[in-house]
Amino acid sequence: MIVMSIAGIDPSAGAGLFADIKTFQKIGVYGTGIVTSLTSQNPYKIYSLKPIESNYIAEEIDSVLEEYTEIKYIKTGMLYSEDIIKTVSGKIKEYNLKAIVDPVMVATAGGKLSKEDMGKAILKYLLPKAILTTPNIDEASKLSGINIKTEEDAIKAAEIIGKTCDVIVTGGHLDGINTIYRNNKISIIKEELIDTENLHGSGCVFSASIVAYLGLGYSMEIAIEKSFKYVHNAILNGNYGTLI
C-alpha cells in the first residue's frame with residue numbers, strides 16, 4: 001500500500017516529511033513525499049524557513065499521482081501560506097484523496113511555521129476536504145477561537161472544529177487529555193505523560209501513523225487507537241528528540 005505526506009523538510013528529521021516517511025516505513029507502508037517548504041532547524045530551534053512555490057507543489061503532487069494512482073490516504077503538515085493551502089486543497093478534491101490534516105502552525109522548538117491568520121485559511125479551504133484533523137491545543141485554539149486551558153475548553157473547541165470535520169485535539173500539552181470528536185460524539189482518551197526532554201515531531205508522527213494504518217486497511221477507530229500506542233512507544237524509545 002502507498003500513502004503520501006505533504007509537508008515541510010526538517011533537516012534534523014525529528015519532524016516534518018522525514019519523520020512521516022520513517023513512520024510510514026516503520027508501520028509497513030510505502031511513503032511518498034511532497035515538499036512544501038525547507039527549514040533550517042534542530043529539535044530546539046528554528047533558524048529560517050523557505051516555502052516552495054505553490055505551482056511547483058502542484059507539479060510534485062501531479063507527478064507522483066500520475067504514476068501511483070492507487071494512493072488514497074494522505075496527510076498534510078506544514079503548508080505555510082494560504083496560497084499553498086488552496087493549491088493542496090484543490091489537489092485533494094481533484095484526486096479524491098482522503099486527507100488527515102495536521103494543522104502545523106508553530107513548532108515545538110519555537111518559531112512560526114505559517115503566516116498569520118492561517119487558521120482561517122485551513123478552516124475555509126482545507127478542513128472541509130479532510131476526514132480528520134489532529135491539532136494540538138495551541139492549533140485547536142487558533143482554529144476554534146477557544147483559549148484552551150481545561151478539558152472543558154478542549155471539548156468546546158473540538159465541537160466547533162467538528163462542525164467542519166472530525167477532530168482529535170491532542171493532549172500532550174493538556175495533562176495527556178486527548179479530546180476526540182467523531183460521528184457527532186465526544187470521547188476522551190487520557191494518557192500518562194512521559195517525562196522526556198523533547199517531543200519534537202510527536203504530532204507529525206501521530207498523524208502519519210493514522211494514515212499508515214488506514215492505508216493498511218484498518219478502520220478509522222482502530223487506526224486512531226493503534227496510533228496512540230505507536231506514538232507512546234516511540235516516545236519511550238526515542239533518541240535526541242526524535243521518535244523513530
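**Before selecting anything**

This is a predicted model, in which local features need pLDDT of at least 70 and side-chain atom pairs count only at pLDDT 80 or more, while totals for chains, interfaces and linings use all residues. Residues are numbered from 1 along each chain as its sequence is written, and side-chain values use heavy atoms, with hydrogens and water left out.

**The whole chain**

Begin with the chain in cartoon view, where eight helices and nine strands are found; helices (H or I, at least four residues) and strands (E, at least two) are DSSP runs, numbered from the N terminus. Taken along the principal axes, the C-alpha atoms fill a box of roughly 45 × 40 × 35 Å. The radius of gyration is 16 Å, which agrees with the value near 18 Å that a compact globule of 244 residues would have; this radius is taken over C-alpha atoms, and the globule rule is 2.2 Å times the number of residues to the power 0.38.

Of the 244 residues, 55% count as buried, where buried means under 20% relative accessible area, exposed over 50%, and partly exposed in between (1.4 Å probe, protein chains only). Among contacts between residues at least 6 apart in sequence, 67% join residues at least 24 apart, a contact being heavy atoms within 4.5 Å.

If you colour by charge, the mean positions of the 24 positive and 29 negative charges are 3 Å apart. Here Lys and Arg count as positive and Asp and Glu as negative, with His and the chain ends not counted, and the place of a charge is taken as NZ of Lys, CZ of Arg, CG of Asp or CD of Glu.

Select Thr-76 next, which is found in strand β4 (residues 73–76) and counts as buried because its relative accessibility is 0%. Leaving aside neighbours within four places in sequence, Thr-76 is in contact with Ile-6, Val-88, Ile-100, Val-101, Asp-102 and Leu-126.

From Val-101, one of those contacts of Thr-76, move to Thr-133, which lies in strand β6 (residues 130–133). Is Thr-133 buried or exposed? Thr-133 has a relative accessible area of 0% and is therefore buried. A polar atom of the Thr-133 side chain lies 2.9 Å from the backbone oxygen of Val-101; a polar contact is a pair of N or O atoms within 3.5 Å, where, within protein, one must be able to donate a hydrogen and the other to accept it, and residues adjacent in sequence count only if both atoms are side-chain atoms. Not counting residues up to four places away in sequence, Thr-133 touches a set of residues that includes Val-101, Pro-103, Leu-127 and Cys-165.

**Cys-165 and the loop around it**

Cys-165 is the next selection, in the loop between α6 and β7 (167–169), and with a relative accessible area of 5% this residue is buried. Cys-165 touches Leu-127, Ala-130, Leu-132 and Thr-133, residues up to four places away in sequence not being counted.

**Towards the surface**

Select Lys-129, in the loop between α4 (118–126) and β6, which is partly exposed at a relative accessible area of 30%. Its side chain reaches the backbone oxygen of Tyr-125 at 3.4 Å, and Lys-129 also touches Ser-89, Ile-92, Lys-93, Leu-97 and Ala-99, not counting residues up to four places away in sequence.

Asn-147 comes next, in the loop between α5 (137–144) and α6 (151–161), where a relative accessible area of 56% makes this residue exposed. Leaving aside neighbours within four places in sequence, Asn-147 is in contact with Ser-141 and Asp-153.

Most residues other than glycine have a negative phi. Return now to Asn-96, which has a positive phi of about 55° although it is not a glycine, and which counts as exposed at 64% relative accessibility.

End at Ala-13, in the loop between β1 (2–9) and α1 (16–27). Phi of Ala-13 is near 70°, again a positive value in a residue other than glycine, and Ala-13 is buried, with a relative accessible area of 17%.
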